[in-house]
Amino acid sequence: MRVGLRIAGVAARRTTKFIIFFGSVEELCEHQDDIIHYPYCEDMEDVARYLIEETGSLGKVPINLQNYID
């Protein structure tokens, strides 16, 4: 039961963040196709790492940028 409540709480917090970002539930629904879910990413740094390491969609990282990525 506690696990279910914890999951529901996490889902509610994430939904609230989306509503705050988009301004209303209606606006959120209008942009639902624009939302991309990146698994296990908590912030944009994680998204960048995912795109570079897992999908290769950004291609090879230029040498002058490699020092900025751990």
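Q: Is Arg-49 buried, partly exposed or exposed?
A: In this predicted model, Arg-49 is partly exposed, with a relative accessible area of 25%.

Q: Which side chain does Glu-45 meet in a salt bridge?
A: Side chains of opposite charge can pair when their charged atoms come close. Here the side chain of Glu-45 meets that of Arg-49, at 3.5 Å from N to O. Glu-45 and Arg-49 are four residues apart in helix α3, which spans residues 44-55, so about one helical turn separates them.

Q: Where in the chain do Arg-49 and Asp-46 stand relative to each other?
A: Both belong to helix α3, three residues apart, and about one helical turn separates them. Asp-46 is partly exposed, with a relative accessible area of 24%.

Q: What is the N to O distance in the salt bridge of Arg-49 and Glu-53?
A: The distance is 4.0 Å. Arg-49 and Glu-53 are four residues apart in helix α3, so they too are separated by about one helical turn. Salt bridges with shared partners join Glu-45, Asp-46, Arg-49 and Glu-53 into one network.

Q: How many salt bridges are counted?
A: The count comes to three.

Q: How many disulfides does a search of the whole structure find?
A: Such a search finds zero disulfides. As for individual cysteines, Cys-29 is partly exposed, with a relative accessible area of 45%. Cys-41 counts as buried at 19% relative accessibility, because the cut-off for buried is under 20%.

Q: How much space lies in the largest pocket?
A: Rolling a probe the size of a water molecule over the atoms shows where empty space is left. In this model the largest pocket holds about 840 Å³ of space. Its lining has 20 residues, and those closest to the pocket centre are Phe-18, Ile-36, His-37, Cys-41 and Glu-42. One of these, Cys-41, is the cysteine that counts as buried at 19% relative accessibility.

Q: Which element supplies the largest share of the lining of the largest pocket?
A: Helix α1 does, with eight residues. Both α1, residues 2-22, and α3 supply at least two residues of that lining.

Q: How do the residues of that lining divide into nonpolar, polar and charged?
A: The lining of the largest pocket has 12 nonpolar residues, two polar and six charged.

Q: Where does Thr-15 lie?
A: Thr-15 lies in helix α1. Thr-15 is partly exposed, with a relative accessible area of 38%. Its C-alpha atom is separated by 9.4 Å from that of Val-25, a residue 10 positions away along the chain.

Q: How many helices and strands are there in the protein chain?
A: The protein chain has four helices and zero strands. Read from the N terminus on, the elements run α-α-α-α.

Q: What percentage of the residues in the protein chain is buried?
A: Of the 70 residues in the protein chain, 9% are buried. The chain exposes about 6,400 Å², and carbon and sulfur atoms supply 58% of that area.

Conventions
Residues numbered from 1 in each chain as written. Predicted model: local features only at pLDDT ≥ 70, side-chain atom pairs only at ≥ 80, totals over all residues. Heavy atoms only, no water. Buried < 20%, exposed > 50% of the residue type's maximum accessible area, 1.4 Å probe, protein only. Disulfide = S-S within 2.5 Å. 1 Å grid on protein atoms, 1.4 Å probe; cavity = no way out; pocket = protein on both sides within 12 Å on 5 of 7 lines; lining within 4 Å. Points joined across faces, edges and corners; volume = space filled by probe spheres on them. Nonpolar A, V, L, I, M, F, W, Y, C, P; charged D, E, K, R; others polar. Areas by Shrake-Rupley, 256 points an atom, 1.4 Å probe, with all protein chains shown as cover.
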